[in-house]
Amino acid sequence: MTTQDLAGKILQWATKEFGNNAMLPDERALRLLEEAAEAAQAMGVNKEQCLAVVARCYGKSPGDPVKELGQVGICLLAACAVMHCDAQAVWEKEARRLFSLPQGYFTDRYAAKVAAGIARGATPTTTTKEQ
């Protein structure tokens, strides 16, 4: 399977699991940031270092999103190399794991992220009850 095919399947899965907000660039960026922070923590980066990196980034003007994603990819490949793992094998294994989980598996975890303000969640709707 090509990377583009896998990306399409992942977006289908994410939309099915989390709704149409999964297709929004800022929601994808939040999930990318979250996973990057978790990977950094797992690789020995402390909270203060992480916050300092974020502060430094936000002290500069925003870059081009496509260029920045390219740099994320380069960093992912380098991180996998120093961890002695194959990037493609790692993401394919994770995709298989995600696809094997029952729909709704992440509902409570995602609701907690929405409540914490770190995920968009569903667009709120209101109903009016006639009294």
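The views show a predicted model, in which local features need pLDDT of at least 70 and side-chain atom pairs count only at pLDDT 80 or more, while totals for chains, interfaces and linings use all residues. Residues are numbered from 1 along each chain as its sequence is written, and side-chain values use heavy atoms, with hydrogens and water left out.

View A. Cys57 is partly exposed, with a relative accessible area of 40%, whereas Cys80 is buried at 8% (buried, under 20% relative accessible area; exposed, over 50%; partly exposed, in between; 1.4 Å probe, protein chains only).

**View B. The buried face of helix α5.** Ala87, Ala95 and Leu98 of α5 are buried. Because the buried residues fall within an arc of 65° seen down the axis, they line one face of the helix (arc of the directions from the helix axis to the C-beta atoms). These buried residues pack against α1 (3–18) and α4 (65–82) (contact, heavy atoms within 4.5 Å). On the other side of α5, Lys93, Arg96 and Ser100 are exposed.

**View C. The start of helix α5.** A side-chain oxygen of Asp86 reaches to within 3.3 Å of the backbone nitrogen of Gln88.

Definitions and conventions: Helices (H or I, at least four residues) and strands (E, at least two) are DSSP runs, numbered from the N terminus. A polar contact is a pair of N or O atoms within 3.5 Å; within protein, one must be able to donate a hydrogen and the other to accept it, and residues adjacent in sequence count only if both atoms are side-chain atoms.
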